[in-house]
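Try each task before reading its solution.

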Amino acid sequence: MAEEDSVVVIGLGRFGSALALELMESGTEVLGIDGDEEIVQAHNRLLTHVVRADSTKEDTLRQLSVPEFSSVVVAIGGDIQANILTASLLIKLGIPNIWAKAVSEPHGEILRQLGVKHVIYPEKDMGRRVAHLVRGVMQDYIDIGEDFALVKTAPPREILDKPLSLTKVRTVHGVTVTAYHRAGQGWSYATMETVILEGDIVLVAGQTERVESFSRLP
C-alpha cells in the first residue's frame, strides 16, 4: 500500500464504513481499523486492508505503520474517550492530515484544543442539510461554510427563456447561476448568454438565506 495515496479510517461504524467504501470507490486505498471482530470480518475484501486493533495504544498504531500515512480519519463515534485518545496519539505521531468525528460541540472543542484541524459532525451536518431540503424545494444542498451554499433546484419562471444577463438574477436575488442541466445534454457551465429553459435544473451559489429564497420562487 502506497501510504501517500492511502487513507487510514479508524472506526468502521455507519459513518466510517460509508466513508471508507466511498474512498475505495474513488480509487483511494484504505486501511480500516476497528476493535470489533465482526465488523472487521464484514469489511474483509471490501477495503484494501482491514484489521482488528485497539487504536488507543501507540505501539499498535506504530506496528500498523499508521505514522507513515499522511491522512487519517478518526471515525469512532460511540466511545468518546477512545476517539479523543486516538486523535491525541495521531497528533503525537505527527500525522499531517487528521480528520476526527465529533458527536457534540464540546467534543469538537476538545479535539480542536488537542490540535485536530479537521473536526467533522456527520449527524449535525446531515441534519442541517436535510432541514434545508425540507424547508425549500431544493433537489440538493451543499453547505460550503461561512453562510454560503450551493443548491440544485428547478429554475423560477422569471429567469426562463432569456439570457441570464437580462434576468439580473445576481442583482435582484443576490445569487449566481453557476451551471445548468438539460435533458439529453447533461451539465454545462452557465454564462451571461445562457438561456435557461423550462425543464432545466440549475446549480445556484450564494448566501444560504438567499439561495433558499431563490429555490422557493414560483
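The model is predicted.

**Exercise 1. Which residues does Thr60 touch, leaving out those up to four places away in sequence? Is Thr60 buried or exposed?**

Step 1. Thr60 touches Ala53 and Asp54.
Step 2. Find its element: Thr60 lies in helix α3, residues 58-63.
Step 3. Thr60 has 17% relative accessibility. Buried means under 20%. Therefore Thr60 counts as buried.

**Exercise 2. Which residues have the most contacts inside the largest nonpolar core?**

Step 1. The largest nonpolar core has 25 residues.
Step 2. Ile10, Val72, Leu90 and Leu111 have the most contacts inside it.
Step 3. Look for the suppliers. β1 (6-10), β2 (29-34), β4 (71-74), α4 (80-92) and β5 (97-101) each give at least two residues to this core.
Step 4. The most comes from α4, with five residues.
Step 5. Now zoom in on Ile10. Beyond its neighbours within four places in sequence, its contacts include Ile33, Leu61, Val72 and Leu90.

**Exercise 3. Which residues make the nonpolar surface patch of about 270 Å²?**

Step 1. Ile142, Ile144 and Phe148 make this patch.
Step 2. Phe148 sits in strand β8, residues 148-153.
Step 3. Phe148 counts as partly exposed because its relative accessibility is 36%.

**Exercise 4. What distance separates the centres of domain 1 and domain 2?**

Step 1. Take the bounds: domain 1 is 6-124 and domain 2 is 131-215.
Step 2. Taken over C-alpha atoms, the two centres are 36 Å apart.

Conventions: Residues are numbered from 1 along each chain as its sequence is written. This is a predicted model: local features need pLDDT of at least 70, side-chain atom pairs count only at pLDDT 80 or more; totals for chains, interfaces and linings use all residues. Side-chain values use heavy atoms; hydrogens and water are left out. Patches are made of residues with over 30% relative accessible area and no salt bridge: like charges are joined within 9 Å, nonpolar side chains (Val, Leu, Ile, Met, Phe, Trp, Tyr) within 5 Å. Accessible areas come from the Shrake-Rupley method with a 1.4 Å probe; for residues, only the protein chains shown count as cover. A salt bridge is a side-chain nitrogen of Lys or Arg within 4 Å of a carboxyl oxygen of Asp or Glu. Helices (H or I, at least four residues) and strands (E, at least two) are DSSP runs, numbered from the N terminus. Buried means under 20% relative accessible area, exposed over 50%, partly exposed in between (1.4 Å probe, protein chains only). Domain bounds come from an automatic or database domain assignment. Contact means heavy atoms within 4.5 Å. A nonpolar core is a set of buried Ala, Val, Leu, Ile, Met, Phe, Trp, Tyr and Cys residues joined through side-chain atoms within 4.5 Å.
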